[in-house]
Amino acid sequence: MEREADSGERLDGQLSGRILPGTGSLAGRYTVVSSDATRWVDAGRTASGWSGMSGAGVIVESPQGDLLCGVIREDVRARNGSLLTATPVSVLLADDEFTRIVTERSAWVPLVEPAEPTAILEPAGRLRSVLSPTMLLRADAEVVRFQGREEELRALEGWCEEETGGFSVRVLTGPGGQGKSRLARRLSEGLRAKGWVTGELRGDLRDLASAELESLRTALPFLVVIDYADARPMLVRQVIDHLRSCRHRTRILLLARDDGRWRTDGLAASHADEILARTPVTELAPLAPESGPAGARTGLFDDALVDLSEVLDATADFPGRPPSGWRALAAALRAPGDLDCAAYESVLTLHMTALVTLLQSGKAPVTTPHDEPAEGTLLRHEQRYWVRAGERLAPLPNDTVQRATAVATLCGAADPVEAVAALSALPELCSAETPLVAAWLRTLYPPGPDGYWGAIQPDRVGEYHVGRVLLDFDQPLPLTTLLARCTADQQIRAFTVLVRAATAEHLAGRTARTSRIQKALRDSVDHVDLGMDVLQYLQVAERFSSRGVEDFHLRLAQRLVEACRHEALGGTTAARVRLALALSSLAVSHSRGGRHDAALDAHQQRLRIWRDLDPSHSSRDVQYALALCGSGSYLRSAGRHQEAVRSWAEGIALMEAEARKDPGHLDTLAFQYQGFADMCHSLGLVDDTIKALRRAVAINEALNSARPDEQFTLNLLRGNLVASLASAGRLNEASHVGADLVEGHRLAALRNPYRDEPLLISALSGLGNLQKQLGRYEEACHALREAVGIAQRRKSLGIDTSDTNNGIVRDTLQLGICQADDGRMPEFLESLRHALDAWHQLDDTPPDHDHAAALLLSRAVSVLVDAGMLRAALEPALAALLHTYRLVCRDPKEHLGEQFRLSEIMNRINQHADNSWYEEIPRIEELWDRLTPLKLAAEESAREEILAGILKGKLRADL
């Protein structure tokens, strides 16, 4: 409120201006400049032209609602215009009392959000209105408590807070409902508390204008999350290309249902392609896997019951409320007996089942088929919300209501015109009803800033609803008519939702439904006039990430090639380039279906286009070189190995020339060397493999001198080179590269111990083994001791205990064997004692590393027997016997050799056994009795395999 200088009366006043982000940060304040007129202040008077403005809110306009950026402090009396200072809202929220008062008065905890890009970001706060059953499960509603994921969260926080390097990208994958979005929100929340700027790009964006991209730049540490990255690969590349040059700490977290060639393919011919190709990918494991602790899923289910019941109790008009309330009902409910099924690996399925259990146990259950999944039952409860929200409309048939909500979820709409056009595809709605139904749908789910109506969420529930309406209704959804009346953006959304619906059915084992959805998709591609931009976008976004709809992707690729071929008849260079890219997509689709000759044919057409293209085209030479490398891959798949090697080598030679002209291509060159090495390795070309890996390592070493924070790819390549050199018997060279690998992992572990120390332990273990084989026992023992020491420290901190314990057993045994080979028996015995102590803690641990441990235990027993130390051999022999039993139970035929090796060891001991050994005979006989039938079965299987091989060879000879 502005104060009158003479009367002191306070009146409303408004200042329009802008905040200068580069001024005042050291003093912890904003500077607001404006050219707005102020009242004249007589000379000599102390009053300000903006007297009374102190404490006024500084508001930034936003499509999602105005944001409070701070409060005015003082007028610094500019000579021209106005210059005010303001206290930032981040400073205010650091005051606990301020936050408490705001929370009490608004019933909402205030959050700090970035102001400049707010129009392109999802709201950071929780969903305020939970009006329907499905809304209770939205990630942004945060109804069910966040729990678990400590390791994943710690790893992501470590990545964000690495001190070196300004820019970095990570990919987090997992099926719908795995918890990716909730984990990203939790990460953002923690970083905001530490002074970071965080934001998630809106889910409806496909690309960004230059000004929108520029709004993402900040001098503060910044995390930007991009969900649906696999469906928006070009947007991902836009953001990476714009932010990769940031000097300040910037992190991009990509969330996707699958990894794939949306990440690794060169779609933009830019640096973003190279960055994405080497970006680490983390697959988000189930929160409560089948192999996890007993009762973990029950605990999650019970917690979800409690949290959901509390919100239901706070929502007065939720139907079905029991007389004693939802919380009392939740306390009396028990988890279903089938929680050990694979379907419950999805945390969303657990939460959804808890919600359905609550609602079905209330006073208003719905009638359901016995085999209906939780999504279907939840949607039956959701229909009551639709009916309540539509009471002001003339009564609509239930099927029409469901079809209308499916249209809204499937297509979306940016404005009333698009909404009405989409609904007009439903023949049961007359022209007068359609606008009313569109307006009603708008009230159901909150739309985004640029949307007319929202959709059913979580996505998996909305996708199930669309699939059900498409497949199960007497009057099927008229998909072809609907798509024909949609805009390009709506068509893209519809195809994306349907592909995901088909994939979800495939993952749930309902493959017949997947096939029916795929047929609908194929029919739509064949009968709807899809524009070039729609075909191109869908082919890029969808071709690599979905299971169960490969035929649709192939038809999509064929349609795109047909359209591009027709366009290329005009002879323009741009049209021919688009045809080359379309042929690349077609080749990939054929390859994924195992049609290797067809894939090669499509790719060779692409190769010829780039070869014959005008040499003055900016990307012709690079794309031709990459096409030659790609031909190598397709020729190999077609069995033409010599041609494959020649083509890839020719492409690499051209890329070398391009990299000499422009060092910006070095990343791409290294990537091609890596692919060439993989191919040579698969063909048994050892020298070519090593040569290619050496060049890839050298390129990455040169690149990493300018970006020391990016060790991931370099360490991966060094590891592959060590393995190739060792398998070729070039142990001395392997140990030199192994030492570099250790130092690379050591550098990475300094920045992020939680994530990278396990890789350092593995590298040290491998180096120790190489040095032992070279007879450099002292160096080998030093490396192995360091590996064990790091693992023991991690164990003491409670970090990944299972893997750590297995590693301690393996590396301590390795250390002991090294000491024994060096003639240091007392040290060997001490190491063996430590290894056995650690081994005894593995009784309840899944035997992931038993193979290596069994071999090392057997070797230790041999050492003891050779030294005449039979009594000392007893305990490791029993451990080796139990290990072998575990291995043979897992795969009798695969581990037949371990059985024979152990038989030899046991026979040697029996020849020299003493009384202490005979005391253990009952236990030994018990294990041996268990092994014998498995051993006989394995031997019989092996004999059958050998006989089959002989017969196959004889048939070949006869032919």
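The dialogue below takes the ring contacts of this predicted model in turn.

Student: How many aromatic pairs does a search of the whole structure find?

Tutor: The search returns 4 aromatic pairs, and one of them is formed by Phe495 and Phe552.

Student: What makes the pair of Phe495 and Phe552 stacked?

Tutor: The ring centres are 5.9 Å apart, and a pair requires centres within 6.5 Å; the planes of Phe495 and Phe552 are at 15 degrees, and because planes under 30 degrees apart count as stacked, that label applies.

Student: Why is this pair said to tie together parts that are apart in sequence?

Tutor: Phe495 belongs to helix H18 (residues 488-507) and Phe552 to helix H21 (residues 550-568), so the contact joins parts that are 57 residues apart in sequence.

Student: Why is the pair of Trp648 and Phe676 called tilted?

Tutor: Its centres lie 6.2 Å apart with the planes at 50 degrees, and because stacked needs under 30 degrees and edge-to-face over 60, tilted is the label for the rest. Trp648 sits in helix H25 (residues 641-661) and Phe676 in helix H26 (residues 666-682), 28 residues apart.

Student: What relative accessibility makes Trp648 count as buried?

Tutor: Trp648 is at 8%, under the 20% limit, and Phe676, with 9%, is buried too.

Terms used
Residues numbered from 1 in each chain as written. Predicted model: local features only at pLDDT ≥ 70, side-chain atom pairs only at ≥ 80, totals over all residues. Heavy atoms only, no water. Phe/Tyr/Trp six-rings, centres within 6.5 Å; stacked < 30°, edge-to-face > 60°. Helix = DSSP H or I, 4+ residues; strand = E, 2+ residues; numbered from the N terminus. Buried < 20%, exposed > 50% of the residue type's maximum accessible area, 1.4 Å probe, protein only.
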